[in-house]
Amino acid sequence: MIRVEGLVKRFGEIRAVDGVSFEVRSGEIYGLLGPNGAGKTTTFSMLAGLLGPDSGRITLDGIDIAEDPVGVKRGLGIVPQEVAVYEELTARENLRLWAGLYGLTGTALDQAVGRALDEVGLSGRSREPVERFSGGMKRRLNLSLGLVHRPKVILLDEPTVGIDPQARANILDVVRRVADAGAAVLYTTHYLEEAEQLCDRIGILDHGKLLAEGTLAELKEQVGEDEVVVLPPSLNRLFLKLTGRELRD
Ligand code: ATP
């Protein structure tokens, strides 16, 4: 469903993404986990078609995005890190706008908007201007805008940053449900707990490279008992949690 091969992006001297390859199957949530500056947003932006790679290949639902950058978008749901909603419009109007842009009309559009509002628990507040919403409600709406057209491939860039536990739980629950319904989901985060709780497989990214990849159990196995592992300080906590081991200086 999502296939990334040898992806590279440089900004001057910085290799923000440095030869990254991974796959995400239908029904799977793949967590791209890494500290600030690891290259998560740059990877996300290339998959979303917002940034062109220097080299490498991205295929989404069988379509090479370099060959058909417009066609690929029809089956793609994008949830950016920055909340991208019209504050002066209501939640329903925001959703109708997005659903229309994705080509939905008539009853199909009405149903899609109703379902999206229910899914994120905003049906009761759907006719209020978004400017009255809390941060968590805006994030939930932001999520539903990326899902309203039932995409087969979903890309989420740190969708729970800075929100209350209830909104966070709702977002994780919705993401799980869309994956269970068959979508392939790429989920970038720097929260280890979220990756553990939500993701079927995790890729650990740092300085633009995938350091390790697998299920949580596989990742734990990859770090053997007798190994000496030198990690950047940003990954120390992750290492401790995965292995249950003490850190030595
Ligand atoms: P965060 O969690 O802080 O968003 P990230 O893992 O998403 O971090 P990126 O935003 O992809 O990381 O950044 C990776 C590297 O590329 C960083 O060193 C960053 O400073 C650099 N970078 C990203 N975008 C640009 C740009 N437009 N111009 C120059 N450097 C950039």
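The buried residues of helix 3 are Leu 109, Ala 112, Val 113, Ala 116, Leu 117 and Glu 119. Seen down the helix axis, these buried residues fall within an arc of 160 degrees, so they line one face of helix 3. Thr 107, Gln 111 and Asp 118 are exposed on the other side of the helix. The model is a predicted one. Helix 3 spans residues 106-119 and has 14 residues. From its first C-alpha to its last it reaches 20 Å, close to the 20 Å expected at 1.5 Å a residue. The cover over its buried residues includes helix 2 (91-101), helix 4 (135-147) and helix 5 (165-180). Gly 121 follows helix 3, and its phi is positive, near 70 degrees.

The chain as a whole was examined next. Its secondary structure comes to eight helices and ten strands. The chain has 249 residues, of which 47% count as buried. Contacts between residues at least 6 apart in sequence were also considered. Of these contacts, 68% join residues at least 24 apart. The chain exposes about 12100 Å², and carbon and sulfur atoms supply 50% of that area.

The ligand is surrounded by 13 residues. The closest are Gly 37, Gly 39, Lys 40, Thr 41 and Thr 42. Strand 2 (14-24) and helix 1 (40-47) each supply at least two residues of this shell. Helix 1 gives the largest share, three residues. For Asn 36, an N or O atom of the side chain is 3.1 Å from a ligand oxygen. For Gly 39, a backbone N or O atom is 2.9 Å from an oxygen atom of the ligand. For Thr 41, the distance from a backbone N or O atom to a ligand oxygen is 2.7 Å. Taken alone, the ligand exposes 630 Å², and the protein buries 61% of that area.

Strand 2 also holds Val 20. Its relative accessibility is 0%, so Val 20 counts as buried. In sequence, Val 20 and Gly 6 are 14 residues apart. In space, their C-alpha atoms are 5.0 Å apart.

Glu 28 lies in the loop between strand 2 and strand 3 (29-33). Glu 28 has a relative accessibility of 6% and therefore counts as buried. A polar atom of its side chain lies 2.9 Å from the backbone nitrogen of Arg 25. The side chains of Glu 28 and Arg 201 are joined by a polar contact of 2.6 Å. Neighbours within four places in sequence aside, Glu 28 is in contact with Glu 23, Ala 183, Ala 184, Val 185, Asp 200 and Arg 201.

Asn 142 is placed in helix 4. Its relative accessible area is 3%, so Asn 142 is buried. Not counting residues up to four places away in sequence, Asn 142 touches Val 79, Pro 80, Glu 82, Val 83, Ala 84 and Val 85. Helix 4 is also among the elements that cover the buried residues of helix 3.

Backbone angles were then considered. Most residues other than glycine have a negative phi. Asp 61 is not a glycine, yet its phi is positive, near 50 degrees. Asp 61 lies in the loop between strand 4 (55-60) and strand 5 (63-64). With a relative accessible area of 33%, Asp 61 is partly exposed. Arg 150 also has a positive phi, of about 50 degrees, although it is not a glycine. Arg 150 lies in the loop between helix 4 and strand 7 (153-157). Its relative accessible area is 40%, so Arg 150 is partly exposed.

Note on methods
Residues numbered from 1 in each chain as written. Predicted model: local features only at pLDDT ≥ 70, side-chain atom pairs only at ≥ 80, totals over all residues. Heavy atoms only, no water. Helix = DSSP H or I, 4+ residues; strand = E, 2+ residues; numbered from the N terminus. Expected span 1.5 Å × (residues − 1). Buried < 20%, exposed > 50% of the residue type's maximum accessible area, 1.4 Å probe, protein only. Arc of directions from axis to C-beta. Contact = heavy atoms within 4.5 Å. Near = heavy atom within 4 Å. Polar contact = N/O pair within 3.5 Å; in protein donor to acceptor, adjacent residues only side chain to side chain. Areas by Shrake-Rupley, 256 points an atom, 1.4 Å probe, with all protein chains shown as cover.
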